[in-house]
Structures are given as structure tokens and as C-alpha cells.
Amino acid sequence: ESDTASEISFQFHRHKKSPSIGSHSSDMASVSSVSGSVLSVYSGDFGSVDAQGTVEFALDYDEKNREFQVHVSQCKDLAVVDEKKGRSDPYVKTYLLPDKARMGKRKTSVKKRTVNPIYNEVLRYKIEKMVLLIQKLNLSVWHNDPLGRNSFLGEIEIDLASWDWSNRKLNWYPLKPRSLSAVNGVDHRGVMSLSIKYVPPGSLGEWPKNPPSGEVHIWVKDVKDLLQLRPSGVDSFVKCYVLPDTSKKSYQKTRVIKRDTNPVFNHTIVYDGFHTEDLKDACVELTVWDHEKLTNHFLGGIRLGLGTGLSYGISVDWMDSTQEEVAFWQEMMLAANEWIEGLLPLRSL
């Protein structure tokens, strides 16, 4: 697992064949029903050692400072990672779930060459109590490897809604293996209902040439089961780019739907400037965000393209469409001038 801060950023290279994309958008009326799905989120080396041992910690909420505190005391009998040297270099890490990117991770220091590390450190989160009570605390122990991947040593997950806040004592908890849901990457972020259509150049009439260039139409209908980051719900909107173009010309967004985890957008976006061969190299990226005054929080997204890893012959990390997303895009390419309906799970990008 990498412990560098994860950012949503895209590197791209402009190319003379890249579509010179213009766009416009509007609202349309239609509602579709959707069902759930799951996608991968976790990374790291989970398989090298079996989880064992215990961790001692205490939880508290400081009402005066509006601060959640995790007092990490110590661990005992951790797994040995480096068998030859008989050593582990453990540290403890915490996340608040469901959205681990939102509040971020907290970490203790690394203790060298011990399976019985003593920390006595307090990990702190500035968070309102009401918001905290709809979270889970994920506390995990890792072996620090500065030259490679860190190794997972065990975890515990606590539902804070049912936590006894009068209990401020240090208690021992057994470290468990990565849960089956986490290993399989169950990370339900919601499902987007949308339709897309490709209109080839001149396909609507030869004189005058209509349209003068190819168009991709994207109809964002609704999203179901968004992550609820606040008790009042979520204020969501959808952003759209056609990669590799990340300029203002490519950027479109819907209006914000307030306090609703099942927002209905009914918003259409049209991008022109496409040649049919551009469809192999372009990628429509739709991302859903929670709108707040200071910063918007990423909730999930989809990328529609061929998922080849290449754009105009250049290797790019954003050409990573899932099988479902690729099939949806291919269906659009094969059925000119027809709306193709889709129901796609949002994922972490």
C-alpha cells in the first residue's frame, strides 16, 4: 500500500488528432430505476503474512474542541514480516469510513524491529459528533517497508454509531485479517443511470453537412445510493470531461441537487468536433462530487472508453475503463444515432 496522499489528477498529452471539442448542455426529463453493484478500492500487500496479535487503544470525543481522539497505546505478538531477520517495523493507521479520502488517514510513528511496539500516541480528527456517528473507524497495523510495499498485519473496524462513549479506558482488541469485503474491494459508491449517443459527421443530412463534425451526446439521468457524508444527506453534482482534453472547453457540469442521496439530474451534454476514429482514443469521464463551501469532495466516477491504456499512441493512466464501461462505449460506437442506455456503478478513480 502506498502512503503518499492520493490525488485526483490526470496527465495527458495533446495530439494533433485529438478532437477539438466544443460542448453545450441542457436538462431533459426522464427517470430510471437502478440497482447496486460493487467495485475495487483497496491496494496493498495483504497476502504475505497472516494477521495475529492484539492492539490496545481507547476512543474519546472532546466536546469542547469538537475533536475525535484515538489513543493508540501498544500492540502485542504481531506477525513477523522479515523471517530471515525475524523483524517487523510496525505502525498503526486509522481511517474514518465510508469515504476514506474525506477525513484522511492518521498514522503513528514507525517502531523498528519489534512485534510488541509501544506508541502512546493520540490520532486526532476535527469532526462534528453528529457526523462522526454515521462513520466507522478502521484501525489497521502495517509493517513499514521504505523500499517496497508495506505489509498488512491486521485490523479492527468499529461502528461508531453503537460505540459506548462513556468508555474511555484502554482496551485490548484482537487484530483480524482483512475482511472478505475489503479483500474483494467492496466499495459501494452508488450507480449512475445514463444514455449516450454518437452522431457521425453528415449523418443527419448531406447539404449543408449536418452535423459538420461528429457529436457525442451524454444524458446524465440520475444516481442512486450515493455515500452520505453528512446527516443532512449530500449536495451532489456531476462533472464531465472528454479526455485527453482537460481545458475549460471540455468541462461541463450539472446543477447541484441538495440533500439527496438519490439525485435526479436529467442533464444532457453534447460534445462536437469528433471524427469517428477519435472514439478509439478519447474517454468521457463523469465524476460525482459533494458540494461544500470550501472544497468539493469526490464521491465516485465512471470512465467511458475502450480501456486500452493508450490515447493517440501514448500511454495514459485514465484509459482504464472497466469491462462494463468498455461494453457501453463499444455499443455506442456500433449504433450510430441511437441512444444507448446504461446503468454503471461509480468507482474510485
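Q: Hi! Of the 349 residues of the protein chain, what percentage count as buried?
A: Hello! 49% of the 349 residues count as buried, where buried means under 20% relative accessible area, exposed means over 50%, and partly exposed is in between, with a 1.4 Å probe and protein chains only.

Q: What kind of model is this, and what pLDDT do local features need?
A: This is a predicted model: local features need pLDDT of at least 70, side-chain atom pairs count only at pLDDT 80 or more, and totals for chains, interfaces and linings use all residues. Residues are numbered from 1 along each chain as its sequence is written, and side-chain values use heavy atoms, with hydrogens and water left out.

Q: Good to know. How many helices and strands does the protein chain have?
A: There are four helices and 19 strands. Helices (H or I, at least four residues) and strands (E, at least two) are DSSP runs, numbered from the N terminus.

Q: And what about contacts between residues 24 or more positions apart, what share do they make up among those with a separation of 6 or more?
A: They account for 71% of the contacts in the protein chain with a separation of 6 or more; contact means heavy atoms within 4.5 Å.

Q: What is the accessible surface of the protein chain?
A: About 16900 Å², and 50% of that belongs to carbon and sulfur atoms. The areas come from the Shrake-Rupley method with a 1.4 Å probe, and for residues only the protein chains shown count as cover.

Q: Let's pick a helix. How far does α4 reach?
A: Helix α4 covers residues 323–334, twelve residues, and reaches 16 Å from its first C-alpha to its last, close to the 16 Å expected at 1.5 Å a residue. That expected span is 1.5 Å times one less than the number of residues.

Q: Which residues of α4 are buried?
A: E325, V326, F328, W329 and M332. Seen down the axis of α4, these buried residues fall within an arc of 160°, so they line one face of the helix. The arc is that of the directions from the helix axis to the C-beta atoms.

Q: What sits on the face of α4 turned away from its buried side?
A: That face carries the exposed residues Q323 and L334.

Q: And which strands do the buried residues of α4 pack against?
A: They pack against β10 (191–199), β11 (214–224), β15 (283–290), β16 (297–304) and β19 (340–345).

Q: How many bridges do β12 and β15 share?
A: Eight, in the antiparallel sense. Two strands pair if DSSP finds at least two bridges between them. As an example of who faces whom, L243 stands opposite C283 in β15.

Q: What joins L243 and P244?
A: A cis peptide bond, with omega about 15°. P244 lies in the loop between β12 (236–243) and β13 (252–253).

Q: Switching to β11: how many of its eleven residues are buried?
A: Ten of the eleven, so β11 is largely enclosed by the rest of the structure. Nine bridges join β11 to β10, running antiparallel, and I196 stands opposite I218 in β11. Eight bridges join β11 to β14 (residues 264–274), antiparallel as well, with D272 in β14 as the bridge partner of E215.

Q: Last one: where is P200, and what is it in contact with?
A: P200 is in the loop between β10 and β11, and at 17% relative accessibility it counts as buried. Leaving aside neighbours within four places in sequence, P200 is in contact with P211, G214, A336 and N337.
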